[in-house]
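Subject: Structure for you to look over

Hello,

Here is the structure I promised to pass on. Please open it alongside these notes, which go through what turned up.

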Amino acid sequence: MKATVEEYLDLSVVDITKKEQVELRYNEAIEAELVQVARNGYPYEIAGFLLGKKSEDADLVSEVYPVENVAKEQERKFEIHGLDYLKVEAYALENKLDVIGIYHSHPDYPAIPSKHDLEFAQSVFAYAIVSVDGNGDTLINSWKKSNKKFIQQSILIRS
Ligand SMILES: [Zn+2]
């Protein structure tokens, strides 16, 4: 990537002065799955849901639920069909899981949210972004919307 992360960082989208208190936690198998789907989807954005258990101090992901990206420009955007929201809610209810958030990939783009991401984000969800380049190198950051901007959420990889 030619540009630095700072050049992509839009301060109208991201508030770098704050940090989300609730940590996102998952194990190495979940991490490997997120990396793999992002690599497989390259150069298009992929998307899906993160399922697990929410608690006061942590969003604990136990399952990855991939869905189709129905955006028109899939190199730069993702959209999830309304039906998939209903399906995942039903699946979560049936399996006594919480819908923790949404993951999507950023092909050849840093793991920081875009204006488009902010526009469609809901504050109840965590947004994990998997940056992936042509070599398959990846980096994951997670974000939550608060007061109309994204703030970063720490990720803890459990053993
Ligand atoms: Zn995005």
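**Overall fold**

In the protein chain, 66% of the contacts with a separation of 6 or more are between residues 24 or more positions apart. Keep in mind that this is a predicted model.

The secondary structure of the protein chain comes to 4 helices and 7 strands. Along the sequence, the order is α-β-α-β-β-α-β-α-β-β-β. The radius of gyration of the protein chain is 15 Å, which agrees with the value near 15 Å for a compact globule of 159 residues. Along the principal axes, the C-alpha atoms fill a box of roughly 45 × 35 × 35 Å. Buried residues make up 33% of the 159.

**The barrel**

The strands form a closed barrel of 7, in the order β1-β3-β2-β4-β5-β6-β7, and the pairing is mixed. From one strand to the next, the twist averages 40 degrees.

Two of the pairings involve β7. The first topic is β1 with β7: these run parallel and are joined by 7 bridges. Leu24 has Ile155 of β7 as its bridge partner.

Then there is β6 with β7, residues 149–158. These two strands run antiparallel, with 5 bridges between them. Lys145 is bridged to Phe150 of β7. Lys144 is bridged to Ile151 of β7.

**The turn between β6 and β7**

How many residues lie between the strands in the hairpin of β6 and β7? There are 2 residues between the strands, and Asn147 takes a positive phi in this hairpin. The phi of Asn147 is about 50 degrees, although Asn147 is not a glycine. Lys148 is in the loop between β6 and β7 too, and its phi is positive as well, near 70 degrees.

Are these residues buried or exposed? Asn147 has 8 C-beta neighbours inside 10 Å, so Asn147 counts as exposed. Lys148 has 11 C-beta neighbours inside 10 Å and therefore also counts as exposed.

**The core**

The largest nonpolar core has 32 residues. Those touching the most other members are Leu34, Leu50, Tyr103, Tyr127, Ala128, Ile129 and Val130. At least two core residues come from each of β1 (14–27), α2 (28–41), β2 (47–54), β3 (58–67), β4 (98–107), β5 (126–132) and β6 (138–146). The most come from β5, which gives 6 residues.

Leu50 is worth a look. Leaving out residues up to four places away in sequence, Leu50 touches Val61, Val64, Ile100, Gly101, Ile102, Tyr103, Ala126 and Ala128.

**The helices**

Start with α2. This helix lies across β1, β3, β4, β5, β6 and β7. It runs at about 55 degrees to β5.

Next, α3. This helix also packs on the sheet, where it touches β2, β3 and β4. Its direction makes about 135 degrees with that of β4. Helix α3 covers residues 82–94, which is 13 residues. From first C-alpha to last it reaches 19 Å, close to the 18 Å expected at 1.5 Å a residue. The number of buried residues in α3 is 1 of 13, so the helix lies largely in the open. Just after α3, Lys96 has a positive phi of about 55 degrees.

**Two loops to check**

The loop between α2 and β2 holds Pro43. A cis peptide bond joins Tyr42 to Pro43, with omega about 10 degrees.

The loop between β3 and α3 holds Phe78. Is Phe78 buried or exposed? Phe78 counts as buried, because it has 25 C-beta neighbours inside 10 Å; the cut-off for buried is 20 or more. Phe78 touches Glu45, Ala47, Asn69, Ala71 and His104, not counting residues up to four places away in sequence. Phe78 and His106 are 28 residues apart in sequence, and their C-alpha atoms are 9.5 Å apart in space.

**Where to start**

When you open the model, go to the hairpin of β6 and β7 and find Asn147 with its positive phi. Then go to the cis peptide bond between Tyr42 and Pro43. Finish at Phe78, which counts as buried in the loop between β3 and α3.

Best wishes

Technical notes: Residues numbered from 1 in each chain as written. Predicted model: local features only at pLDDT ≥ 70, side-chain atom pairs only at ≥ 80, totals over all residues. Core = buried A, V, L, I, M, F, W, Y, C linked by C-beta atoms within 7 Å. Buried ≥ 20, exposed ≤ 12 C-beta atoms within 10 Å, placed from the backbone. Contact = placed C-beta atoms within 7 Å. Expected span 1.5 Å × (residues − 1). Pairing = 2+ DSSP bridges. Axes fitted to C-alpha atoms, helices over the stretch in contact; angles between N-to-C directions. Rg over C-alpha atoms; globule rule 2.2 N^0.38 Å.
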